[in-house]
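I am opening a notebook page on aromatic rings and strand pairing. The structure goes in here before my entries.

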Amino acid sequence: MDKIKAGLLSSVVLLTACSSDEAFFEEVTADTGHAHVHGMDYVDGELMIATHYGLLKKGDETWLHSTTNNHDYMGFTAFEEGFYASGHPEPSSDLENPLGLVKSTDQGETLEQLVFSGETDYHYMSAGKNTGRLYTALMHGNSELEAGFYYTDDEGDNWTSMLLSGLEAESVFGLSAHPDHQDQIAILTNRGLYESTDAGETVTLKENSEGTSAAHYTESQFYTVKNQVFISQDEELGQIPLEEPVLYLAVNPSDSEQIYAVTGEGEAAVTVDGGTSWTAEYIIPSE
């Protein structure tokens, strides 16, 4: 693998969303709750969804929506202290488009620009929650890197290219990094699920995995969804009652039996028994 140093990093700018006396999240409405989903994970112990128009967060009784910094978040992925993301700024923003790589340690109220602002929109990223490593798929080259797959252990100061020997797929639509084992990553493709245990030097196609739409590592489990069937390791459990393919999974860090699933269109479901039975989760309250 080749190590590449990014020489022209963006200036670090703290982007403040609102003053201290304003609530950053408010109760979701039909207008703010319906948007394309680009990621889901637990951040600071709370479930968050990144959308085409800002952030959603599950409150105690209702879902909440961000009041500002309502960017088109792409590549959303949580790490130990917050989340990383990319995408496009909201229309009223003065930020360069695309966002490049940004991070937040306060659930999106402020964003820190790390690298490639105005150059890169990362659609697919995955952070090892406890390792400090961030895996990325760079669809279009920028001023420092050619198109390809890379990881960074220092938030974009240096990048290592991934060879991905053995990958035979026409398209990639997701990454999932192991939270503890920094060299372990899963790659979702049109041919099925590829796995690597050597930081992407080589990959192996998981048997009978074509049709897998979502993948998620925990410290001790590997969950996938294939044709709306929830799979733990290789054991098929419950059918998820959603019409569109499930793209993202999130496991409650305080209760591993509670797992959420969401589609790209924002339909959600939840299980409280580890994946055997599922019920619909309504982000927008029914009237």
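Predicted model: local features only at pLDDT ≥ 70, side-chain atom pairs only at ≥ 80, totals over all residues.

Residues are numbered from 1 along each chain as its sequence is written, and side-chain values use heavy atoms, without hydrogens and water.

Next I looked up ring pairs, where rings of Phe, Tyr and Trp (its six-membered ring) pair if their centres lie within 6.5 Å, and planes under 30 degrees apart are stacked, over 60 edge-to-face and the rest tilted. I found ten aromatic pairs by this rule. The centres of Y73 and F83 are 6.3 Å apart and their planes stand at 90°, so this pair is edge-to-face. Y73 belongs to strand β8 (residues 72-79) and F83 to strand β9 (residues 82-88), ten residues apart (strands are DSSP runs of E, at least two residues, numbered from the N terminus). Both Y73 and F83 are buried, which here means under 20% relative accessible area with a 1.4 Å probe, protein chains only. I also noted that Y73, F76 and F83 form one aromatic cluster.

Is the pair of F79 and Y84 stacked or edge-to-face? I found it stacked, with 4.3 Å centre to centre and 20° between the planes, and F79 and Y84 are both buried.

Technical notes
Helix = DSSP H or I, 4+ residues; strand = E, 2+ residues; numbered from the N terminus. Buried < 20%, exposed > 50% of the residue type's maximum accessible area, 1.4 Å probe, protein only.
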